[in-house]
Structures are given as C-alpha cells and as structure tokens.
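Please find below a short note on the model under review. The points are set out in numbered order for reference.

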Amino acid sequence: MSASAAVILVLAVGTYAFRLVGPALHGRVELPARVRGLLSAGAVVLLVALLATGALTEAGGFAGWARPAGVLVGAVLAWRRAPFAVVVLGAALTTAGLRALGVA
C-alpha cells in the first residue's frame, strides 16, 4: 500500500468516526450553555474567514476590487433577505460590470 493510499484510508476512517460520534453520544453528553455559545461563535468565525479568503485573494495575492465589491453587494442583498437568485445575480453583475469598466 502506498503512502498516499494509507493517508486517504486514515482520513476516511477518521471522518467516519466523527460522523458516528454525534448519534452515539446524543443525549449522553450535555454541553454547558457557554460552550454551546463558543461553538456557535467559532462556526461564524470560520465562515467569515472562508468568505474573506475567497473574496479577497487569488493565486496568493489580492484579487482586485471587483470581486470584494460583488461579495459586498451579495452580502447586503442577503442581509436584506432578497431571494437567492437575486443575491447571486446582483453579486455577479456587480463584479462583471466593474471588470467591464476596467476595475481589476
């Protein structure tokens, strides 16, 4: 067995084990309210970090101003509870429009 196959196998077993832990411990472990709050805040922080890296970087450098502007428009539309299609189209049209105007 090659090293790559072994790593993939270990990751697969670990992922499956994580998926089993939830149903197996359901009702047996009670997390304090503070821990639940911290886990919720941690999930939000991870999502914001993913959004920031996806919106601001490309190939290890700054992605330019068009993409962050499109993400900002999409975020505002989502915050205003616009339909999903409107959010996606608004973000895409903003980015495309700025790029058509020469904004990188």
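1. How many helices and strands are there in the chain? There are four helices and two strands, where helices (H or I, at least four residues) and strands (E, at least two) are DSSP runs numbered from the N terminus. Read from the N terminus, the elements follow the order α-α-β-β-α-α. The radius of gyration is 20 Å, well over the 13 Å given by the globule rule for 104 residues, so the chain is more spread out than a compact globule. The radius is taken over C-alpha atoms, and the rule is 2.2 Å times the number of residues to the power 0.38.

2. On provenance, this is a predicted model, in which local features need pLDDT of at least 70 and side-chain atom pairs count only at pLDDT 80 or more, while totals for chains, interfaces and linings use all residues. Residues are numbered from 1 along each chain as its sequence is written, and side-chain values use heavy atoms, with hydrogens and water left out.

3. Along the principal axes, the C-alpha atoms fill a box of roughly 55 × 45 × 25 Å. Buried residues (under 20% relative accessible area; exposed is over 50%, partly exposed in between; 1.4 Å probe, protein chains only) account for 11% of the 104 residues. The chain exposes about 8,300 Å², of which carbon and sulfur atoms supply 75%; areas come from the Shrake-Rupley method with a 1.4 Å probe, and for residues only the protein chains shown count as cover.

4. V21, L25, V29, L31, V35 and L39 form a nonpolar surface patch with about 470 Å² of accessible area together. Patch residues have over 30% relative accessible area and no salt bridge, with nonpolar side chains (Val, Leu, Ile, Met, Phe, Trp, Tyr) joined within 5 Å and like charges within 9 Å. A salt bridge is a side-chain nitrogen of Lys or Arg within 4 Å of a carboxyl oxygen of Asp or Glu. Helices α1 (3-25) and α2 (33-56) each supply at least two of the patch residues. V35, in α2, is partly exposed at 32%.

5. G70 belongs to helix α3 (residues 66-79) and is buried, with a relative accessible area of 2%. Beyond its neighbours within four places in sequence, G70 is in contact (heavy atoms within 4.5 Å) with A91, T94 and T95. The C-alpha atoms of G70 and L93, 23 residues apart along the chain, are separated by 7.6 Å.
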